[in-house]
Amino acid sequence: GIYSKHEGTSTHSQTIVDIAVSSYTPTLEALLKPRTKVTAGDTEYPKALVVSQPATPNCDPIPNTRTEAEIITSLVGQSTHLDDTSGTVQAVLEGMAKHDWVHLACHGVQSRADPTNSAFALYDGRLTLSMLMSHHLPNADLAVLSACQTATGDETLSEEAVHLSAGMLNVGYKSVVGTMWSISDYIAPDVMREFYTVMAEQVKAGGELQPAYALHEAIKALRSKPGRTNEFLRWVPFVHFGL
């Protein structure tokens, strides 16, 4: 769309984000999973695992992941925060089996040669999709991959989903929020504050949870901030997969 203001006016052109909510799916099977419902006022649901890696060994530092995690834990009723050294591969695997939602604020690594080796960089190593596929995740509902390039495809395999977001759907998550390219360490906390605020409102109201709408509202809020509309590369990368 044309997101800049009309010349000489204070209004913007109407674009697709004004009339539609975007969501994607790598397979039809991913749409067959029942959408999660909650009972209004039910404080027992959902439980969120929040993982932040501000200084993963052998990776560039991303210090605002800790701020991002603190924002989320303040908005989600029941949460477990694994920060820095506590965010080990084993601890995250065990936590994912016990929580409905997982939020991974860390580096993502895509393996185009073998997508099952695509991974999240944690404090003591990589958590690969193949590791996740070998574990039973009975509570899997929502995965937010606040990492770089978690929904990046491969131009040589343009008709195939070979990224982490698609992999998380295959693991069992019903909804996945990912990124198409590198994201700003300073923008992510703003987006996630708005996203989880809307999700918290949905939980409080009861009924079906709709993460795609929550992400849509978060991006709208980011675009409305002064100077953000034309920073196209900052807000476009965030995408939703599944239900």
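User: What ground rules apply to the residue numbers and values?

Analyst: This is a predicted model with residues numbered from 1 along each chain as its sequence is written. Local features need pLDDT of at least 70, side-chain atom pairs count only at pLDDT 80 or more, totals for chains, interfaces and linings use all residues, and side-chain values use heavy atoms, with hydrogens and water left out.

User: How do you know how many disulfides the structure holds?

Analyst: A disulfide is a pair of cysteine sulfur atoms within 2.5 Å. The sulfur of Cys-59 has its closest cysteine sulfur in Cys-106, at 9.0 Å, which is too far for a bond. The structure therefore holds zero disulfides.

User: Why is Cys-59 called partly exposed, and what is Cys-106 called?

Analyst: Buried means under 20% relative accessible area, exposed over 50%, and partly exposed in between, with a 1.4 Å probe and protein chains only. Cys-59 has 28% relative accessibility, so it is partly exposed. Cys-106 has 3%, so it is buried.

User: What makes His-107 buried, and where does His-107 lie?

Analyst: Its relative accessible area is 17%, so His-107 counts as buried. His-107 lies in strand β5 (residues 107-109). Strands (E, at least two residues) and helices (H or I, at least four) are DSSP runs, numbered from the N terminus.

User: Which residues is His-107 in contact with, leaving aside neighbours within four places in sequence?

Analyst: Contact means heavy atoms within 4.5 Å. Among the residues in contact with His-107 are Cys-59, Asp-60, Phe-120 and Ala-147.

User: How many aromatic pairs does a search of the whole structure find, and why is Tyr-24 with Phe-241 called tilted?

Analyst: The search finds three aromatic pairs. The ring centres of Tyr-24 and Phe-241 are 5.9 Å apart, with planes at 45 degrees. Rings of Phe, Tyr and Trp (its six-membered ring) pair if their centres lie within 6.5 Å; planes under 30 degrees apart count as stacked, over 60 as edge-to-face and the rest as tilted. The pair is therefore tilted. Tyr-24 lies in the segment before β1 (37-38) and Phe-241 in strand β11 (residues 238-242), so the pair ties together parts 217 residues apart in sequence.

User: What makes Phe-195 and Tyr-196 edge-to-face?

Analyst: Their centres are 5.0 Å apart and their planes stand at 90 degrees, so the pair is edge-to-face. Both residues are buried. Trp-101, Phe-195 and Tyr-196 form one aromatic cluster.

User: Why is strand β4 called largely enclosed?

Analyst: Five of the five residues of β4 (residues 101-105) are buried, so the rest of the structure largely encloses the strand. Both faces are covered. Trp-101, His-103 and Ala-105 are buried on one side, Val-102 and Leu-104 on the other.

User: How do you know that β4 pairs with β2 and β8?

Analyst: Two strands pair if DSSP finds at least two bridges between them. Strand β2 (residues 47-52) and β4 have five, in the parallel sense, so they pair. β4 and β8 (residues 142-145) have four, also parallel, so they pair. Leu-104 stands opposite Val-51 and Leu-145 in β8.

User: What makes β3 and β11 edges of the sheet?

Analyst: The open sheet of six strands has the order β3-β2-β4-β8-β9-β11, with mixed pairing. β3 (78-83) and β11 each have a single partner strand, so one side of each is left without a neighbour in the sheet.

User: Why do β6 and β7 count as paired, and in which sense?

Analyst: Strand β6 (residues 119-122) and strand β7 (residues 125-128) share four bridges, so they pair, in the antiparallel sense. A hairpin joins β6 to β7 through two residues. Phe-120 stands opposite Leu-127 in β7.
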